[in-house]
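Me: I would like to learn how to read a structure. Please go through it with me one feature at a time.

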Amino acid sequence: MNIIKPAALLFAATALAAGSTITATAADGPDGTRVTGLQQKAEQVLADSPKPLRVSADAVQYEGLTVTDAPVTKGAQDLACRYGHLCMVVDGTKFDFYKCQMWKLSNWTGDGPFTNNQTSGTVAKFYNQDRSVRWTSTAYEAGRADWDPVWYLRPC
């Protein structure tokens, strides 16, 4: 006969009543802090990434960038991107850039949709490893891009 402990039952009932689900996994980071799976994915593609400002189960917030799990999209027209932002999906992760700076990247592979919804005429530049321009996108533009290899990105 299984006996359910009152504390476990109370926890389960509270979680169900609140409608919560546990979807993120976490592990110990190098400094002993908990790191979510989404944060691990973000750090794999943001070389020399700064420390995030906020981490939750569904988003990692950096200064000038929000990283989330990507919704399943059929194309760029399905990729929601706020005005003033440059958004893209890389390997199942959505990157939403909104700060004008050079971002160093690593492990960007495959292809995916992008939306350059910045101020009209703003040029986003994607660079090779030697920092030569690989391709550009002038706002407003949306489409599909080949991320192999993009080593640096300047949204504006």
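Reply: Start with Cys-156, which counts as partly exposed because its relative accessibility is 25%. Buried means under 20% relative accessible area, exposed over 50%, and partly exposed in between, with a 1.4 Å probe and protein chains only. The model is predicted: local features need pLDDT of at least 70, side-chain atom pairs count only at pLDDT 80 or more, and totals for chains, interfaces and linings use all residues. Residues are numbered from 1 along each chain as its sequence is written, and side-chain values use heavy atoms, with hydrogens and water left out.

Me: Which residue forms a disulfide with Cys-156?

Reply: A disulfide is a pair of cysteine sulfur atoms within 2.5 Å. Here Cys-156 is linked to Cys-100, with 1.6 Å between the sulfur atoms. Cys-100 lies in the loop between β7 (93-97) and β8 (103-104), and Cys-156 in the segment after β13 (152-154), so the pair ties together parts 56 residues apart in sequence. Strands (E, at least two residues) are DSSP runs, numbered from the N terminus. Cys-100 is also partly exposed, at 44% relative accessibility. The link is right-handed, with 105° about the S-S bond.

Me: How many disulfides does a search of the whole structure find?

Reply: The search finds two. Cys-81 and Cys-87 form a disulfide with sulfur atoms 2.1 Å apart, and this link is right-handed, with 80° about the S-S bond. Cys-81 counts as buried at 14% relative accessibility, and Cys-87 counts as buried at 0%. With bonded cysteines counted along the chain, the pattern is 1-2, 3-4.

Me: What stands opposite Cys-87 in β9?

Reply: Thr-115 does. Strand β6 (residues 85-90) runs antiparallel to β9 (residues 111-117), and four bridges join them. Two strands pair if DSSP finds at least two bridges between them.

Me: In what order do the seven strands of the open sheet come?

Reply: The order is β3-β4-β5-β7-β6-β9-β12, with antiparallel pairing. At the edges stand β3 (54-55) and β12 (141-146), each with a single partner strand, so one side of each has no neighbour in the sheet.

Me: Is Thr-66 buried or exposed?

Reply: Thr-66 counts as buried, at 17% relative accessibility. Thr-66 belongs to strand β5 (residues 65-69). A polar contact is a pair of N or O atoms within 3.5 Å; within protein, one must be able to donate a hydrogen and the other to accept it, and residues adjacent in sequence count only if both atoms are side-chain atoms. The side chains of Thr-66 and Gln-61 make such a contact at 2.9 Å.
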